[in-house]
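Trainee: I'd like to learn how to read salt bridges and helix packing. Can we go through an example together?
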Amino acid sequence: MTDKLDKVPGPADNPPAGALPPEAIKAIPVRHYGRWVSAVVVIGLVVALAVAFSQGNVRWATVPEKLFDPTILRGVVNTVWISITSMALGLVLGILFAVMRLSKNPVTSTIAWFYIWLFRGTPVYVQLLIWFNLALIFPILNLGFYKDEMTQVMTPFLAALLGLGLNEGAYMAEIVRAGIQSVDEGQTEASHALGMTRTQTMRRVVLPQAMRVIVPPSGNEFINMLKTSSLVVAVQYFDLLRAAQDIASTSFAVMEMFFVASIWYLALTSVFSVGQYYLERRYARGALRSLPPTPLQKVKAKLSSFSNRKAVA
């Protein structure tokens, strides 16, 4: 006796005499007329905008001429420097206040909450002005072991660093807190069972796993910092925007210099966006079975498949 049952013939197996075979189904693709209309409208708007700028009162030759001006390059270096230092300060403060916020000590958690509430709730532009004009409240800085006039201490760089760094620290504290809370509590319990202290657990177990959650928004915060750094012109710090304004005041090429500054901001954000992509890819290795191909790998794969097709043909 076999395990498989014999197939019972049905009407479909024995069609009646003279019956025609069924016709093949023709799949008709759905036509998306809205896509074509929207594409035409967008292209038309882009062309109209390009024509308007080409016929406007803009000296386009000035843009490439001033793009690598020494004054502009100095402003670019200062913009990158203030962005990196402010982000570093914000990251350190963010980790510190995130741990304080998660502490079971009501004093430290309340102080962390107040810091985050204060610096997230006030505009960064106002904070910059407060730091820069701090001499109006404290004309003399007296720390006991150090005494000097506040105007000598609160330089444009220090005012920009404190204004941007302290504000960024409040946002980074929330990002780091979310990353720490994303790690399963069992990891902490296992670390304590192995004899690790709370500090060792945080440094060796929790934070490395939390980086997968912390890195993407932190990269976005740094890119935003590059653009927010243009506000430091209010405290007389010489950045990219200040350099463009100085050249515009002597050459009367105001809009042209704004275009130059915009090009440099786009270039900087694009470069750091690539770095953010590969940093996220690195910390995603423990969460994905196989990492998705990078844009360069996709291009190489397409070129390889194209060459193989050409060889076969």
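Trainee: How many salt bridges does the count come to by the rule?

Mentor: The rule asks for a side-chain nitrogen of Lys or Arg within 4 Å of a carboxyl oxygen of Asp or Glu. Here the count comes to five salt bridges. Keep in mind that this is a predicted model, where local features need pLDDT of at least 70, side-chain atom pairs count only at pLDDT 80 or more, and totals for chains, interfaces and linings use all residues. Residues are numbered from 1 along each chain as its sequence is written, and side-chain values use heavy atoms, with hydrogens and water left out.

Trainee: Which residues are linked in a network of salt bridges?

Mentor: Arg-101, Arg-120, Glu-174 and Arg-177. Arg-101 and Glu-174 have their closest N and O atoms 3.1 Å apart, while Arg-120 meets Glu-174 at 3.7 Å, N to O.

Trainee: Is Glu-174 buried or exposed?

Mentor: Buried means under 20% relative accessible area, exposed over 50%, and partly exposed in between (1.4 Å probe, protein chains only). Glu-174 has 18%, so buried. Arg-101, at 26%, is partly exposed, and so is Arg-120, at 40%.

Trainee: And what about packing: at what angle do H3 and H7 pack?

Mentor: Two packed helices are described by the angle between their axes and the distance between the axes. Helix H3 (residues 70–101) and helix H7 (residues 156–181) pack at about 45 degrees, axes 5 Å apart. H3 and H7 are therefore oblique to each other: under 35 degrees is roughly parallel, over 145 roughly antiparallel, 65 to 115 roughly perpendicular, and the rest oblique.

Methods. Axes are lines fitted to C-alpha atoms, for helices over the stretch in contact, and angles run from 0 to 180 degrees between N-to-C directions. Helices (H or I, at least four residues) and strands (E, at least two) are DSSP runs, numbered from the N terminus.
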